[in-house]
Amino acid sequence: MSEDALLFIYTTVGDMEAAEKIATALVEPGLAACVNIYPGMRSVYRWQGKVEIDEEVSLFIKVPATLSVRAMEEVRRLHPYDVPALLEIPLGRVDGDYLTWAKEQTREQTRGQTG
């Protein structure tokens, strides 16, 4: 993956408070350019041998590839779940103006980074 690449980190949490806490902790220091929060999602999954159905909030975290490891570590540190879904999703083509903007938002964090 190119160092210029932008990607999504996807995760889910149980409520808006946890989602906003993670989003703010990533955007404020420049570990992510933007976090999209989608409330009102229902998840069906097996946990400890039982099928669960819960309301969740999903987060799409936009990060440069050079910051993905650090951003995922921070999400993991703040995440309220024992086993959170933490998925890195590579993106294809990204509009040049948007990519420039995203990199500007994370510039201080990416300075001197190598992957």
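Trainee: What volume does the largest pocket have?
Mentor: About 310 Å³. Keep in mind that this is a predicted model.

Trainee: Which residues line the largest pocket?
Mentor: The lining is made of Thr12, Ser43, Tyr45, Arg46, Trp47, Asp54, Glu56, Tyr81, Asp82, Val83, Pro84 and Ala85.

Trainee: And by class, how many are nonpolar, polar and charged?
Mentor: Six are nonpolar, two are polar and four are charged.

Trainee: Which element gives the most to that lining?
Mentor: That's β2, with four residues. Both β2 (34–47) and β3 (50–64) supply at least two residues each.

Trainee: Which residues of α1 are buried?
Mentor: Ala18, Ala19, Ile22, Ala23 and Leu26. They cover an arc of only 130° around the axis, so they sit on the same side of α1.

Trainee: Why would residues spaced like that point the same way?
Mentor: An α-helix has 3.6 residues a turn, so residues three or four places apart point the same way.

Trainee: What's exposed on the other side of α1?
Mentor: Glu17 and Lys21 are exposed there. As for the buried residues of α1, what covers them includes β1 (6–13), β2, β3 and α2 (68–78).

Trainee: Now α2. Which of its residues are buried?
Mentor: In α2 the buried ones are Ser68, Ala71, Glu74, Val75 and Leu78. Their arc around the axis is only 130°, which puts them on the same side of α2. Val69, Glu73 and Arg77 are exposed on the other side.

Trainee: What covers the buried residues of α2?
Mentor: The cover includes β1, α1, β3 and β4 (87–90).

Trainee: Let's do single residues. Is Ser58 buried or exposed?
Mentor: Buried: its relative accessibility is 4%, and the cut-off for buried is under 20%. Ser58 lies in strand β3.

Trainee: What does Ser58 touch, leaving out residues up to four places away in sequence?
Mentor: Ser58 touches Tyr10, Thr11, Thr12, Asn36, Ile37, Tyr38 and Met41.

Trainee: And Pro39, where is that found?
Mentor: Pro39 is in strand β2, and it's exposed, with a relative accessible area of 51%. Leaving out residues up to four places away in sequence, Pro39 touches Met16, Glu56 and Val57.

Trainee: What about loops? Which one holds Gln48?
Mentor: Gln48 is in the loop between β2 and β3. It has a positive phi of about 50° although it is not a glycine. Gln48 is also exposed, with a relative accessible area of 71%.

Trainee: Last one: where is Glu28 found?
Mentor: Glu28 is in the loop between α1 and β2, and it's exposed at 67% relative accessible area. The C-alpha atoms of Glu28 and Glu55 are separated by 27 Å, and the two are 27 residues apart along the chain.

Notes: Residues numbered from 1 in each chain as written. Predicted model: local features only at pLDDT ≥ 70, side-chain atom pairs only at ≥ 80, totals over all residues. Heavy atoms only, no water. 1 Å grid on protein atoms, 1.4 Å probe; cavity = no way out; pocket = protein on both sides within 12 Å on 5 of 7 lines; lining within 4 Å. Points joined across faces, edges and corners; volume = space filled by probe spheres on them. Nonpolar A, V, L, I, M, F, W, Y, C, P; charged D, E, K, R; others polar. Buried < 20%, exposed > 50% of the residue type's maximum accessible area, 1.4 Å probe, protein only. Arc of directions from axis to C-beta. Contact = heavy atoms within 4.5 Å.
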